[in-house]
Amino acid sequence: MLAIEADSLSKTYTSGLLRRERVEALAGFSLAVESGQIFSLLGPNGAGKTTFIKILLSLTHPTTGRASIAGIPLPNVGIKSRIGYLPESHRYPGYLTGAQVLSFFGKLSGVDTGVLAQRIPSLLELVGMTQWRGMKVKKYSKGMMQRLGLAQALINDPEILFLDEPTDGVDPLGRKEIREILKELKRKGKTIFLNSHLLSEVELISDRVAILDKGKLLKTGTVDELTTGGTNYLIGIVGTVPEVALAESRALVLRLSTANGALTADCPTTAELNKVIDLLRRHGVEITSVVQQRNSLEESFISLIKREVAP
Amino acid sequence: MKLLTLVLGTGRELSAKATLYVLAGISTLILLGAAATLSRSTTDEGSTLLLFGNPAGPPATPEVFSGMVNSMEAAFAGGLFAGVVLFGMFATAGVLPDALERGTVDLYLSKPIARWELLAGKYCGSVLAMFVNIIYFIGFLWIIVGVRVGIWNMNLLLAGLMMTFAFACLFAIVSLFGVLTRNMAISIIVGFVYLFVISEVLQNREEGLYHLSTNEIYRGILDGLYYVFPQIPAMQHNVLKLVAGNGIEWRPFVQSFLSSTGILALAAWILGRKDF
């Protein structure tokens, strides 16, 4: 079942005198997110990630296109009782304590007072905020606010969770804790839609990733799918490669280097790779392994974005 | 339940600000002053209102005495009306712009509440906070005058409701501009300009703007504007008349109710179309 579906969404913001200045935040963006996944949306600043979430939450109206959550077409106020949201920049009433913030937003979510009385302490414990439950929010640090924000997003026990930069301002230990919480939520069958700049974290927890730039979907797939397909091959060898073999190999590939008993060859296609292997074998080089090198998600992301920017 | 949460949350938000406490503090000082200074002396010649134990006038018959006390209460009510509107606008003008700020509106609208509910909750919460302040002053003034002077003027209590209503009408305009601009300063300025310039000029159009032209269309537009917007000065005038026991004309209240409802509906429509 699809948790989130977007079909040809576009959003153009207008501003200025007579609304003649136009910024296209989303341009025919389509996406489908299966239930029970951790799905991450990546993109540079201004790519349209937050606009997409805001359309799903009916904070912003799409210019064209349709979207649905759990099969229910948007906009729909009722569906919001089944979702949780942690905005990128959130401002809680500073005069309330952490527990009071959860109570207030829980009631706004339609959660019964009796249920809240049980859920608030357990959520505060989950995000490690029990000892600060009675402190006024205005005294909270950025990291504490993020933890409270996560608890707030979970206050209605949502099926789908939208998190915009959830680990922003959180220390490494806290980030690990949040990752564990998200994994546990996934185990419970929740769908988690994540916007994050921290690609190393996204790589660690996401089932699927979509890369967005200038309002367009560039690529979508699992982390494995996005990080494989590189053109670098690590060729394990015994001994050294004769100079003449190296020179001939360099003519066949984009880049070639040797280090620690291995050759690294940048081959645009497998044909070039096979030619290099044939050449090395002709020169009597003993090959022990050929491994396609995996890009990090960050490398794949940068490579994709650069390809888009290139004329 | 959700709307009630919004209303009570807004009341709590306002109670965290100093402005309403200043108004309550001023009210308390006036009430203490009234309790300390007002009393009544009754002789065979009639009743006399005493201020600091000194007669404020010659002995009067019960009817005349009652009229005197009612006029005094009307003066109190007039001062309160101005105070409520001024302090009330300062205290509440930021409620909607704050709620619509980035980071706050996202939280509200991600919950299962409609945009009009957010507006209604914030609006009613602000009006409720002002109502509590007004009733605090009016209620205790009514009790003090009743106990110390023996005149229980029910119209004074009714005036508290009317003052709240007049504030609610003005706050509808402030709310509209709060939604339009999301800026507290602009909302306050518009509120003041409306209160002290536009509503006064329209109220007294026959003595002022009418003289600029005899054109019927021009005068019709002025009349139209007068009836389209809440009639704050006319309501104030009627509140004072009511407390003084001189009857009341309901027309400005009915027209102001209709125009304020229209203004709030416009604010809700604009809020519904906004992107955040």
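The model is predicted; local features need pLDDT of at least 70, side-chain atom pairs count only at pLDDT 80 or more, and totals for chains, interfaces and linings use all residues. Residues are numbered from 1 along each chain as its sequence is written, and chains are lettered from A in the order in which they are written.

**Confidence in chain A**
- Confidence in chain A is highest in helix 2 (residues 98-108), at a mean of 96, and lowest in helix 10 (residues 297-309), at 75.
- Helices (H or I, at least four residues) and strands (E, at least two) are DSSP runs, numbered from the N terminus.

**Contacts between chains A and B**
- Contacts, defined by C-beta atoms placed from the backbone and lying within 7 Å, link 23 residues of chain A with 20 residues of chain B.
- Helix 2 of chain A supplies the largest share of the chain A side, 4 residues.
- That side of chain A has 10 nonpolar residues (Ala, Val, Leu, Ile, Met, Phe, Trp, Tyr, Cys and Pro), 4 charged (Asp, Glu, Lys and Arg) and 9 polar (the others, Gly among them).

**Fold of chain B**
- Chain B contains 11 helices and 3 strands, in the order α-α-β-β-β-α-α-α-α-α-α-α-α-α from the N terminus.
- The C-alpha atoms of chain B fill a box of roughly 75 × 50 × 30 Å along the principal axes.
- Among contacts in chain B between residues at least 6 apart in sequence, 73% join residues at least 24 apart.

Technical notes:
pLDDT is the predictor's confidence in each residue, from 0 to 100. Two residues are in contact if their C-beta atoms, placed from the backbone, lie within 7 Å.
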